[in-house]
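Subject: Structure handover

Hello,

Below is the structure for you to take over. My notes on it follow.

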Amino acid sequence: MEGKGKRASHIYRAAAEIMCEKGYEATSMNDIAEAAGLTKAGIYHYIRGKEDLLFEIMNYAMDAVDHGVVAPAREIEDAEQRLRVIVERHTRSVLEGVGALTIVLEETGALTPAHRRAITARKRAYFEFIRSTLRCLAAEGKLLPVDPTVATFSLLGMILWISRWYRRDGPIGAEQALRDYVEIGMSAVLRKTS
């Protein structure tokens, strides 16, 4: 099962990258098979069809957020440090190549209604986790005089946009981008301390 899980993860990433490049509708199962290094029949060993694959990719992306961002951040009681961990870990995940997965999360319109509800609920739970952290900061007098909902959308938009511009072989290194994003994200919502 371990091998199948690794292969499925590889397929999800490869499919997400090709869907990111070509768009969901323009991506064929042959494109996905080729990108994953499998035959079309081999792909069907792991998935039932393109919509099923899209749903699995989205769940995989949300699992990455739950395990890599939310779980460690939940362990932190201090709201400011928790927010820093959220911004830092989510930014790092996008910089490390989960960017295509992030973009594919925008394709919820291609899902069946039941699948769309499931993914929307997961995205909403993550949004609420960030917003509740910002509300804690507001209660502590640390948040700028901004609406926590607007601030949450802004932080997420900033982080998710990385996949639109960042190139691993570009002039900006991952560590520099990460440091800058954490600094900008924190400065954008927190009051300056003297």
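W161 sits in the loop that joins α7 (148-160) to α8 (162-165); helices (H or I, at least four residues) and strands (E, at least two) are DSSP runs, numbered from the N terminus. This is a predicted model, in which local features need pLDDT of at least 70 and side-chain atom pairs count only at pLDDT 80 or more, while totals for chains, interfaces and linings use all residues. Residues are numbered from 1 along each chain as its sequence is written, and side-chain values use heavy atoms, with hydrogens and water left out.

The surface around W161

W161 has a relative accessible area of 53%, so W161 counts as exposed (buried means under 20% relative accessible area, exposed over 50%, partly exposed in between, with a 1.4 Å probe and protein chains only). Together with W165 and I172, W161 forms a nonpolar patch on the surface, and the three have about 310 Å² of accessible area together. Patches are made of residues with over 30% relative accessible area and no salt bridge; like charges are joined within 9 Å, and nonpolar side chains (Val, Leu, Ile, Met, Phe, Trp, Tyr) within 5 Å. Accessible areas come from the Shrake-Rupley method with a 1.4 Å probe, and for residues only the protein chains shown count as cover.

Helix packing

Two packed helices are described by the angle between their axes and the distance between the axes. Here axes are lines fitted to C-alpha atoms, for helices over the stretch in contact, and angles run from 0 to 180 degrees between N-to-C directions.

The axes of α7 and α9 (residues 174-189) come within 11 Å and cross at roughly 165 degrees. This makes α7 roughly antiparallel to α9 (angles under 35 degrees count as roughly parallel, over 145 as roughly antiparallel, 65 to 115 as roughly perpendicular and the rest as oblique). The crossing of α7 and α9 is right-handed; a crossing is left-handed if the near helix is turned anticlockwise from the far one by less than a right angle, and right-handed if clockwise.

For α6 (residues 113-139) and α7, the axes come within 9 Å and cross at roughly 125 degrees. That puts α6 oblique to α7, and their crossing is right-handed.

α4 and α6 pack with their axes 10 Å apart, at an angle of about 20 degrees. α4 is therefore roughly parallel to α6, and α4 passes α6 in a left-handed crossing.

Salt bridges

How many salt bridges does the structure hold? There are 10, where a salt bridge is a side-chain nitrogen of Lys or Arg within 4 Å of a carboxyl oxygen of Asp or Glu.

One of them pairs R122 with D66, the closest N and O atoms being 2.7 Å apart. Because R122 lies in α6 and D66 in α4 (residues 50-74), the pair ties together parts that are 56 residues apart in sequence. D66 is partly exposed, with a relative accessible area of 29%.

D78 forms a salt bridge with K142, and here the closest N and O atoms are 4.0 Å apart. D78 lies in the loop between α4 and α5 (79-104) and K142 in the loop between α6 and α7, so this pair ties together parts that are 64 residues apart in sequence. Both ends are partly exposed: D78 has a relative accessible area of 35% and K142 has 28%.

The side chains of R92 and E175 also meet in a salt bridge, at 3.1 Å from N to O. R92 is in α5 and E175 in α9, so that distant parts of the chain, 83 residues apart, are linked. R92 is partly exposed at 27% relative accessibility, and E175 is partly exposed at 44%. Elsewhere, salt bridges that share partners join D78, E80, E140 and K142 into one network.

Helix α2

A35 is in α2 (residues 29-36). Which residues of α2 are buried? They are M29, D31, I32, A33 and A36; M29 has a relative accessibility of 10%. A35, by contrast, is partly exposed, with a relative accessible area of 35%. From C-alpha to C-alpha, A35 and I18 are 7.1 Å apart in space and 17 residues apart in sequence. M29 and D169 are 140 residues apart in sequence and 29 Å apart in space, again C-alpha to C-alpha. Just after α2, G37 takes a positive phi of about 75 degrees.

Regards
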